Amino acid sequence: MPPEAAGLELPPEWRESAAPSSFCIDLGGVCVTYRVKRRRRRGAITLTIDERGLRVGAPWRASHDAIEQLLHRHAHWVLKKLADWQQRSAPLLHWRDGESLMLLGKPLRLTLLPDHRQIGADEDRLVLGNAAATPPAIAQAVAGWLRQQALPCFRQRIAHFHSQIGVAAPEVRLSNARGRWGSCHSNGRIRLNWRLIQMPMYLIDYVVAHELAHLREMNHSPRFWQTVARMVPDYAARRMEIKTGGYRYLLV
């Protein structure tokens, strides 16, 4: 059997058991794209809206007409939530000179210099050589640099907290998951999403504490949250900040 795992999900997580289908519907004169995901055990049609748009969860036998009737009944709510998420979305990066990035919650200005051979931070700038580089190449270089900053940072925070709850320092690896900030396996391994390095340290600390607590409690029971509180007493406020405002830092 595979090792048991628990983790902190990017809210809300969408676990897929079959390929979703995409559709469009006219709601109040607005063409809205949505995806339908069907599950055998689902009892009712559900609507979810987040940074990925509108998703419909439906039982296998639910008709398409029933889905669209529900969408029409809730058209005002759907349009409002989609507009809210659009306002909350991080700005789209075009990967050119002068754009703003984030490192530990602080902005870095992307600076392209033709005579600069390496990528690196210089005060409030992230300097990258080859000003003629293509946007995909720049994006790849920046992501690679952020990953290099992430692992030693995460290991240092693990070292800071693990003894507070009486667990051995776990193995730490980077994750590229789009659905979770982190995960913890019962074999003692923790994976943390490298994109966290864009957030302030106090938010990183919450995620680290959350995953470390799973080494003692592979659940979200009261004892689990008590363990988190031993490391981060105001964890509830930090958890809420990630849930409602974490998108502001996730530029990459």
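## Strands β2 and β3

Strands β2 and β3 (residues 30-39) pair in the antiparallel sense over seven bridges. Strands here are DSSP runs (E, at least two residues), and helices are runs of H or I with at least four, numbered from the N terminus. Two strands pair if DSSP finds at least two bridges between them. S21 has V36 in β3 as its bridge partner.

This is a predicted model: local features need pLDDT of at least 70, side-chain atom pairs count only at pLDDT 80 or more, and totals for chains, interfaces and linings use all residues. Residues are numbered from 1 along each chain as its sequence is written, and side-chain values use heavy atoms, leaving out hydrogens and water.

## The sheet

Four strands form an open, mixed sheet in the order β2-β3-β5-β4. β2 (21-27) and β4 (46-50) stand at the edges, each with a single partner strand, so one side of each lacks a neighbour in the sheet.

## Helix α3

Helix α3 (residues 135-161) has 27 residues. From first C-alpha to last it reaches 38 Å, close to the 39 Å expected at 1.5 Å a residue. That expected span is 1.5 Å times one less than the number of residues. Its buried residues (under 20% relative accessible area, 1.4 Å probe, protein chains only) include W145, R157 and F161.

## Aromatic pairs

The structure holds three aromatic pairs. Rings of Phe, Tyr and Trp (its six-membered ring) pair if their centres lie within 6.5 Å; planes under 30 degrees apart count as stacked. W225 and Y235 are stacked, at 5.2 Å centre to centre and 10° between the planes. Both are buried.

Key
Buried < 20%, exposed > 50% of the residue type's maximum accessible area, 1.4 Å probe, protein only. Phe/Tyr/Trp six-rings, centres within 6.5 Å; stacked < 30°, edge-to-face > 60°.
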